[in-house]
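Take a moment to look over the sequence and the three-dimensional picture together, and keep both in view while reading. The paragraphs below go from the whole protein to some of its parts.

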Amino acid sequence: MFGLQNECVIKFDEEYRSLEDYQGRIARWCSGCGDNGILTAMQRLCRDEQLPPEKTVFVSGIGCAARFPHYMRTYGFHGLHGRALPTAQGIKIRRPDLHVFVNMGDGDCCSIGTAHWIHAIRMNMNMVALLHDNNIYGLTKNQSSPTTPAGLVTNTTPYGSYLKAMNPLSVTLGVTNASFVAQTVEWLPDLMYDVVRKAYLHKGFSFVRILQRCPHFVPDHFSSLLADPSKLLLLKHENGMQVSDAVGRRYTSQEEHDPASLNRAREIAELEDMVPVGILYRNERVACYEDLRKPERMFSTDHRQATLEKAFDRFGIFPRSAEGATGGRGAQHSIRQDRASD
Ligand code: SF4
Ligand code: MG
């Protein structure tokens, strides 16, 4: 885990933090890359929620999106391909007081990281997982990913991708304990901000798929969505997203969708001719794994001491003759011998 660029970030609680307080290094993504907009949204969220930088951590795997933690002036962990989620879970179980965000690409999350993704949904730890989905491997130069649509020509599929794309929304909604599933697009910054803010406010594992442009390798990939706003289906509801008048006038395809309905969420996720944006599903009754594990008890001084003594006792060698066969450590040795011969 790297720190805060050798700068002192200790701040008094009452001090207001501006956007600059969350800006790390200069982002080195390609010009026009959708990751830039996602970065701005997350910095804005941190500013608006006044998240203490020393209590905030961004975790990533490998890929273009995985450079995210370097560009935040918070704590961060740029880890291994596909392993962002178990790293984030380790951080959260040990430090449930931290605000944890995860940045994953589509190859990162939906290919090598799939097993971690499935179990992270089931464990429902309180964090925000952002899937930067550009439908391609960017960092490794234009290979097809699990979300690449059939027919798209890539370096690994020069005659077009053979398979129908994986649907990350359907997958997430199909896993036991799914508690928050949303989708947005990075070229609508206000809508994206509203979605990630709702995700942050949800207590549990908030999964947000963000359709993200990669102008370097697939410059026209989402152009039909940008050209025809009616292809975006805005999900709005008093218990979900509220859509501003400006957005509502331009994006006329709308549905009143109660995010409590899992069945309708699954139907919406499977739509072929529309791209839903907003909250598909939210269930606040699912318990968080870190609460079930009660880490404050697990990591108390008494608990640690008892655990250590138990571990030492297992491997200690205490001759029976030292204290007799019927008491003290000699008795423990006798018990261990009995167990070993079982
Ligand atoms: Fe963004 Fe694509 Fe460039 Fe990667 S290759 S930084 S995803 S535009
Ligand atoms: Mg990608």
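This is a predicted model: local features need pLDDT of at least 70, side-chain atom pairs count only at pLDDT 80 or more; totals for chains, interfaces and linings use all residues.

A residue is called buried when its relative accessible area is under 20% and exposed when that area is over 50%, with partly exposed residues in between. By this cut-off C110 is buried, because its relative accessible area is 2%, and C33, with a relative accessible area of 11%, is buried as well.

Taken as a whole, the protein has 342 residues, of which 47% count as buried, and its secondary structure comes to 14 helices and 9 strands. Among contacts between residues at least 6 apart in sequence, 66% join residues at least 24 apart. The accessible surface comes to about 17100 Å², and 53% of this surface belongs to carbon and sulfur atoms.

A metal site comes next. The magnesium ion (ligand 2) is coordinated at 2.1 Å by D106 through OD, by N134 through OD1 and by I136 through O. D106 lies in helix α3, whereas I136 lies in the loop between β4 (127-133) and α5, so this pair ties together parts that are 30 residues apart in sequence. Written along the sequence, the spacing of the donor residues is D-x27-N-x1-I, and both D106 and I136 are buried.

Helix α4, which spans residues 114-123, has W117, A120 and I121 among its residues, and these three are buried. Seen down the axis of α4, its buried residues fall within an arc of 100°, so they line one face of the helix. An α-helix has 3.6 residues a turn, so residues three or four places apart point the same way. The cover over the buried residues of α4 includes the helices α2 (84-94), α3 (106-112) and α5 (168-173), together with the strand β6 (205-211). Just after α4, N124 takes a positive phi of about 55°.

The last stop is S253, which is found in the loop between α8 (245-250) and β8 (254-256). Is S253 buried or exposed? Its relative accessibility is 16%, and therefore S253 counts as buried. Leaving aside residues up to four places away in sequence, S253 touches S230, L232, L233, L234 and M274. With S230 there is also a polar pairing, in which the backbone oxygen of S230 lies 2.7 Å from a polar atom of the side chain of S253.

Methods: Residues are numbered from 1 along each chain as its sequence is written. Chains are lettered from A and ligands numbered from 1 in the order in which they are written. Side-chain values use heavy atoms; hydrogens and water are left out. Buried means under 20% relative accessible area, exposed over 50%, partly exposed in between (1.4 Å probe, protein chains only). Helices (H or I, at least four residues) and strands (E, at least two) are DSSP runs, numbered from the N terminus. The arc is that of the directions from the helix axis to the C-beta atoms. Contact means heavy atoms within 4.5 Å. Donors are N, O and S atoms within 2.8 Å of the metal (3.2 Å for Na, K and Ca); water is not among the atoms, so sites may look incomplete. Accessible areas come from the Shrake-Rupley method with a 1.4 Å probe; for residues, only the protein chains shown count as cover. A polar contact is a pair of N or O atoms within 3.5 Å; within protein, one must be able to donate a hydrogen and the other to accept it, and residues adjacent in sequence count only if both atoms are side-chain atoms.
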